[in-house]
Amino acid sequence: MIRHIVMFDVDADTAEDRNAKITEAAVQLEKLVGVVPGLRSMIVGANAVDIDGNYDFALVADFDDADALAVYATHPAHVAVSKFIGTFKSRRAAIDIEL
């Protein structure tokens with residue numbers, strides 16, 4: 001199994017705007033479960049503790065294997081969500097862990 005962890009910072013004028021963008025991203029990302037083959041689960045959450053340097057939100061997704069992660073990367077539903085997030089992300093970091 002592969003655990004895919006991605007963190008994002010959001011470019012927003014207000015906290016309300018940032019939170020709305022995070023909420024919509026979470027809804028769209030979590031809907032990918034059951035759509036993208038090999039995507040077992042996805043959880044998305046906003047940063048809960050305001051510590052300097054923390055990202056604004058993150059996702060944790062579990063995949064059957066590295067091949068399933070590769071399918072996810074190019075799946076049209078995921079590409080559409082990525083484009084949406086790309087309209088407001090200012091920073092991204094990711095790691096993939098084999099479990």
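Is I95 buried, partly exposed or exposed? Select I95: its relative accessibility is 48%, so I95 counts as partly exposed. On this scale, buried means under 20% relative accessible area, exposed means over 50%, and partly exposed lies in between (1.4 Å probe, protein chains only).

Before continuing, please note that this is a predicted model, in which local features need pLDDT of at least 70 and side-chain atom pairs count only at pLDDT 80 or more, while totals for chains, interfaces and linings use all residues. Residues are numbered from 1 along each chain as its sequence is written, and side-chain values use heavy atoms, with hydrogens and water left out.

**The whole chain.** Display the chain as a cartoon. Three helices and four strands make up its secondary structure, in the order β-α-β-β-α-α-β from the N terminus. Here helices (H or I, at least four residues) and strands (E, at least two) are DSSP runs, numbered from the N terminus. The radius of gyration is 13 Å, close to the 13 Å that the globule rule gives for 99 residues, so the chain is as compact as a globular protein of that length. This radius is taken over C-alpha atoms, and the rule is 2.2 Å times the number of residues to the power 0.38. Of the 99 residues, 30% count as buried.

**The core.** Next, select L29, M42, F57, L59 and Y72, which touch the most other members of the largest nonpolar core, a set of 23 residues. Two or more core residues come from each of β1 (2-10), α1 (15-30), β2, β3, α2 (66-74) and α3 (76-86). Such a core is a set of buried Ala, Val, Leu, Ile, Met, Phe, Trp, Tyr and Cys residues joined through side-chain atoms within 4.5 Å.

Centre the view on M42. Leaving aside neighbours within four places in sequence, M42 is in contact (heavy atoms within 4.5 Å) with residues including L29, L59 and Y72.

**The loop.** Move to D50, in the loop between β2 (39-46) and β3 (57-63). D50 is exposed, with a relative accessible area of 80%. Draw a C-alpha to C-alpha distance from D50 to K31: the two are 27 Å apart in space and 19 residues apart in sequence.

**Back to the start.** Finally, return to I95, in strand β4 (residues 89-98).
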